[in-house]
Amino acid sequence: MTGQQPILSIKDISVEYDLQGERFAAISDISLDVAEGETLGLVGESGCGKSTIGRAIIQLPSPTRGSVVFEGKELTGLDRGEMRGLRCRLQIIFQDPISSLNPRRKVKDIVAEPLVIAGVSDNAERERRVREVLTAVGIEPDTAIDRVPHQFSGGQCQRICIARALIMEPKFIICDEPVSALDVSVQAQILNLLEDLKERYELALLFISHDLAVVKNVSDRVAVMYLGRICELADATRIYEVPAHPYSEGLMSSVLEISHDGEASPKSGLIGEIPSPFTAPSGCRFRTRCLYAQAKCAEIEPELRQIQSGHYVACHFPLTDSQ
Ligand code: ADP
Ligand code: MG
């Protein structure tokens, strides 16, 4: 990280949910910083708590414990009105573009919605900005503005969602599995678009995906999550070249196996199933699936610690040597 203040700093956040009368922690003690203009990738299997982190940042819901500081301002405890004011600087886009868009509204109204909320009442000004941002995401405004979402493909709908997120010129966008619902060929187009927009608007991104290959290509740094906790955090190149956590290694080998024969199971590099968050294993949560687990792993939960400059791992027996 550079010496400057991070644009987003989350510290020791936990989110607990009630499920059928029982309380469980969907995420525990998560701390992450994102620098201005940086893309932080967040990866892990489905259910590990990635979306919960994304939603905790925008206070939907606010974390049960911990702090979320955006542009120097504490977000936990803000009321809805105050959060709405900040949302122009802090946006989120979701996995399923089609269901994120109101099917009955025209594209021009969908994309202009944040402007309306922000009180921009001049129609001509709104339409000018809608046209500008649609052009920026590769949607031809003349043909698009009076159409409704079902007249567009999934990829085009995601472009429209991105336009809506961009119209207030935010500095930070949470991208929650933005390409997971799209065809592979369209995925690359959307990822390239995000990359271009990031340069142009000096955006920072929290890029959430269960797909390691996608995260690898877009991220400056990557955080790997397992069962509600961060197990490794490092520069993207480093984590892919020398993963230190056995879980990261397992995820990587899944990626390799898929790219060789195209058919392999996505979890082939990992043994066993993810335990329920209600019955998380004692000590290290990953130990029940870990090829290298030892007695200590059942007894003591490993803390996230730095093993090299900028490389953090929560493992008693990391695969990479300490400096
Ligand atoms: P991911 O995005 O990594 O797939 P989520 O953050 O959506 O994971 O979910 C983390 C855990 O929290 C899962 O066990 C999920 O079932 C649970 N969960 C998510 N949202 C809720 C909710 N509103 N109420 C109860 N449990 C939830
Ligand atoms: Mg999710």
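This is a predicted model: local features need pLDDT of at least 70, side-chain atom pairs count only at pLDDT 80 or more; totals for chains, interfaces and linings use all residues.
**Entry 1: helix α1**

I began with α1 and asked how much of it is covered. Six of its eight residues are buried, so I noted α1 as mostly covered. The buried residues I listed are Lys50, Thr52, Ile53, Gly54, Ala56 and Ile57. Just past the end of α1, I stopped at Gln59, which takes a positive phi of about 70°.

**Entry 2: around ligand 1**

Which residues come nearest to ligand 1? Out of the 14 around it, I wrote down Gly47, Gly49, Lys50, Ser51 and Thr52. Lys50 and Thr52 were already in my notes as buried residues of α1.

I also sorted the shell by residue type. I got six nonpolar, five polar and three charged residues.

- For Lys50, a polar side-chain atom lies 2.8 Å from an oxygen atom of ligand 1.
- For Ser51, I found a side-chain N or O atom 2.8 Å from an oxygen atom of ligand 1.
- For Cys48, the backbone makes the contact: one of its polar atoms is 3.2 Å from a ligand oxygen.

Then I checked how much of ligand 1 the protein covers. On its own the ligand exposes 560 Å², and the protein buries 67% of that.

**Entry 3: helix α5**

I moved on to α5, which runs over residues 123-136 and has 14 residues. From its first C-alpha to its last I read 20 Å, close to the 20 Å expected at 1.5 Å a residue.

Where around the axis do the buried residues of α5 sit? I first listed them: Arg126, Arg129, Val130, Val133, Leu134 and Ala136. They cover an arc of only 155° around the axis, so they sit on the same side of α5.

**Entry 4: Leu205**

My last stop was Leu205, in strand β8 (residues 204-209). Is Leu205 buried or exposed? Its relative accessibility is 4%, and the cut-off for buried is under 20%, so Leu205 counts as buried. I also looked up its separation from Glu177, which is 28 residues away along the chain: their C-alpha atoms are 12 Å apart.

Notes. Residues are numbered from 1 along each chain as its sequence is written. Chains are lettered from A and ligands numbered from 1 in the order in which they are written. Side-chain values use heavy atoms; hydrogens and water are left out. A residue is near a molecule or strand if one of its heavy atoms lies within 4 Å of it. A polar contact is a pair of N or O atoms within 3.5 Å; within protein, one must be able to donate a hydrogen and the other to accept it, and residues adjacent in sequence count only if both atoms are side-chain atoms. Accessible areas come from the Shrake-Rupley method with a 1.4 Å probe; for residues, only the protein chains shown count as cover. Ala, Val, Leu, Ile, Met, Phe, Trp, Tyr, Cys and Pro count as nonpolar, Asp, Glu, Lys and Arg as charged, and the others, Gly among them, as polar. Helices (H or I, at least four residues) and strands (E, at least two) are DSSP runs, numbered from the N terminus. The expected span of a helix is 1.5 Å times one less than its number of residues. Buried means under 20% relative accessible area, exposed over 50%, partly exposed in between (1.4 Å probe, protein chains only). The arc is that of the directions from the helix axis to the C-beta atoms.
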